[in-house]
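Dear colleague,

I am passing on to you the structure we spoke about, and would ask you to have it open while you read the notes below.

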Amino acid sequence: MRPNSPRPQRRPRQRLPAARRPKPGQRLARSEASEAACRAALDAARAEAGDAAEHAARAEAARHAVADTAGRLAAAQDRLGALEASAPDLDTAQARLDRAQSVIDRTARERAELVRRVAELDGFIRSEASLGIEEELEEVRGRLSAARDRARHCEAEVRALVRLRRALEDARTAARDAYFGPVTAELRPLLALLHEGAELRLDDRTLLPAALARSGVDEELEILSGGTREQIAILTRLAFARLLARRGQPVPVILDDALVHTDDARIEAMFTALHRIARDQQILVLTCRQRAFEALGGERALVRIEDVA
């Protein structure tokens, strides 16, 4: 019999009437036959059930198979979760598809329009070809050749003008250096009497003072005080007079009511500058401020009025 199979139920014995009861020998024979049948059924059941060790091995293999299947199922579920997490949003993917499709549709429409336009241009070219387009092309070529000739002439003229401009700039630079160099050299010691280490920048176009450089900073002449501008103007005149005197062309320097905006400290420095130039140059100072020019020194002119009868 197979394991866990239901056992056959025994039916209760029915007593037979005495006339029908088997004899003892018959009962023995029947019992032996029944026993033999039971043994045969038992052997058949055992053969069908197989060995117990084999059943245990098969059960162990089944358990391993179940465990392996469970592991693969868990791994598959993990992969499924990862794929679901990384999967694109369906609505987003649909939107991208719609956008791409719209681009394709628009490109197709544009291509069809271009094909139509090309066909129109082909027709236009064929129609124009019969209207003397070759003659017009030759005329355009002639105008182009003339324009190129004019362009070459203009280029040659531009090159000549550029060379002339460079020559003029070089000449102006040389003249400026020849002019400004000596003037700056004569002006530097005079300017140092009032502003130590200062330099006066001259305008190369107007040849006039333009800025005063002090401590590395250029100060435009317009932003300087009235007294400073007045002092620079007088010192510049003295420098030019000194330069002319060195070249054998002395000229007198006449100052009429000058230094009206100069303070007491700077006016004495200006007096020193006047005396420095007056050693080789005649300087006339006209003023009605006798007290302010008391420290100037020099010779004072004597004016005498006589009555001529």
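The notes below cover the nonpolar core, an aromatic pair and the salt bridges.

Please keep in mind that this is a predicted model. Its largest nonpolar core has 33 residues, and Leu235, Leu238 and Leu259 are those with the most contacts inside it. Two or more residues of this core come from each of helix H4 (133–192), strand E1 (199–202), helix H5 (226–246), strand E4 (253–256) and helix H6 (264–278). Leaving aside residues up to four places away in sequence, leucine 235 touches Leu187, Leu190, Leu191, Leu194, Met270 and Ala273.

The count of aromatic pairs comes to one. In it, the ring centres of phenylalanine 271 and phenylalanine 293 are 5.4 Å apart and the planes stand at 45°, so the pair is classed as tilted. Because phenylalanine 271 lies in helix H6 and phenylalanine 293 in the segment after strand E5 (283–286), the pair ties together parts that are 22 residues apart in sequence. Phenylalanine 271 is buried at 3% relative accessibility, and phenylalanine 293 is buried at 8%.

There are 15 salt bridges in the structure. One of them joins glutamate 35 to arginine 39, with the closest N and O atoms 3.0 Å apart; both residues lie in helix H1 (residues 24–49), four residues apart. Glutamate 35 is partly exposed at 41%, whereas arginine 39 is exposed at 52%. In another, arginine 116 meets glutamate 113 with the closest N and O atoms 2.2 Å apart, and Glu113, Arg116, Arg117 and Glu120 are linked in a network of salt bridges.

With best wishes

Methods: Residues are numbered from 1 along each chain as its sequence is written. This is a predicted model: local features need pLDDT of at least 70, side-chain atom pairs count only at pLDDT 80 or more; totals for chains, interfaces and linings use all residues. Side-chain values use heavy atoms; hydrogens and water are left out. A nonpolar core is a set of buried Ala, Val, Leu, Ile, Met, Phe, Trp, Tyr and Cys residues joined through side-chain atoms within 4.5 Å. Buried means under 20% relative accessible area, exposed over 50%, partly exposed in between (1.4 Å probe, protein chains only). Contact means heavy atoms within 4.5 Å. Rings of Phe, Tyr and Trp (its six-membered ring) pair if their centres lie within 6.5 Å; planes under 30 degrees apart count as stacked, over 60 as edge-to-face and the rest as tilted. A salt bridge is a side-chain nitrogen of Lys or Arg within 4 Å of a carboxyl oxygen of Asp or Glu.
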